[in-house]
Amino acid sequence: ELGHYFVGKSRGEAVTLPYFIPLPLSAFGTMGAFISMKEIPKNKKHLMDIGIAGPLMGLLVAVPVLLIGLNLSSLGPIEADLPEGAIHFLEGNSVFYLFAKYLTFGKLLPQPASYGDMSPILYWLRYFFTGAPLPVGGLDVQIHPVAWAGWAGLFVTAINLIPAGQLDGGHILYVLFGKKKAKLKDPFILGSLVLLGFFWSGWWLWAGLVFLFGRRYAEPLDMITPVDSTRKVLGVIALIVFLLTFIPVPLVVM
């Protein structure tokens with residue numbers, strides 16, 4: 001959020017300092033933070049710069065923290081039998097997180113004890129999008145707190161890049177494609193979040209937020225001045241980052 005703030009100030013826009021959002025009864029303790037724009041952005045260039053600054057700054061912190069944390073982590077078994085009352089959390093996978101674990105440990109993790117009758121490709125496609133079947137008895141990262149912080153940073157980055165409404169991804173999509181084309185994908189985004197909610201109920205909260213607030217887009221005062229090619233490339237990169245960091249099932253509870 002400080003990325004949004006500093007870039008907004010440098011462009012002469014009236015933006016507030018970040019507001020922290022506590023979420024005490026959760027695995028994270030926070031829903032992050034947000035800044036408020038106290039006036040309509042002057043043009044599409046400023047809207048793009050402000051929108052993309054937050055995710056890029058978040059990545060600059062989250063990626064090295066994650067890689068350092070994974071190197072501090074170890075591999076261990078996913079216990080099939082837990083003590084009574086104990087709960088085991090498995091953090092979900094994005095494409096980037098899977099690659100980072102493979103780069104560190106040389107394995108796709110969590111590694112099940114057996115693929116059974118499934119091919120490895122089919123198993124991973126199913127597990128990636130549904131969190132099932134549970135890899136009980138297999139092998140996984142015993143995640144270090146530093147790696148957990150990096151994972152959370154990537155997760156928050158992906159949330160902010162959801163291409164809807166007032167989220168960073170919504171600003172970027174609006175600048176790249178305009179209001180009419182941006183709104184065409186709203187039913188798809190909403191439907192996808194509702195569907196994913198059957199595998200992680202937290203997505204239903206986000207589906208509700210997108211339905212209530214995600215259909216309005218920030219419209220700059222100057223809608224005529226075009227966006228230069230560099231900003232268009234950065235916008236496309238941001239949407240690719242969203243696909244690489246999005247976690248369909250963030251937490252699997254055992």
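A polar contact is a pair of N or O atoms within 3.5 Å; within protein, one must be able to donate a hydrogen and the other to accept it, and residues adjacent in sequence count only if both atoms are side-chain atoms.

I noted that this is a predicted model, where local features need pLDDT of at least 70, side-chain atom pairs count only at pLDDT 80 or more, and totals for chains, interfaces and linings use all residues. Residues are numbered from 1 along each chain as its sequence is written, and side-chain values use heavy atoms, with hydrogens and water left out.

**Entry: S73**

I looked up S73 and found it in the loop between α2 and β3 (74-77); helices (H or I, at least four residues) and strands (E, at least two) are DSSP runs, numbered from the N terminus. A polar atom of the S73 side chain lies 2.8 Å from the backbone oxygen of G69. I also found a polar atom of that side chain 2.9 Å from the backbone nitrogen of H144.

I then listed what S73 touches (heavy atoms within 4.5 Å). Leaving out residues up to four places away in sequence, S73 touches F105, V141, Q142, I143, H144 and A147. Is S73 buried or exposed? With a relative accessible area of 11%, S73 is buried (under 20%; exposed is over 50%, partly exposed in between; 1.4 Å probe, protein chains only).

**Entry: cis bonds**

Most peptide bonds are trans. I found a cis one from L109 to P110, with omega near 5°; P110 sits in the loop between α3 (95-105) and α4 (120-130). Another cis bond joins A132 and P133, with omega about -5°, and I placed P133 in the loop between α4 and β5 (139-142).
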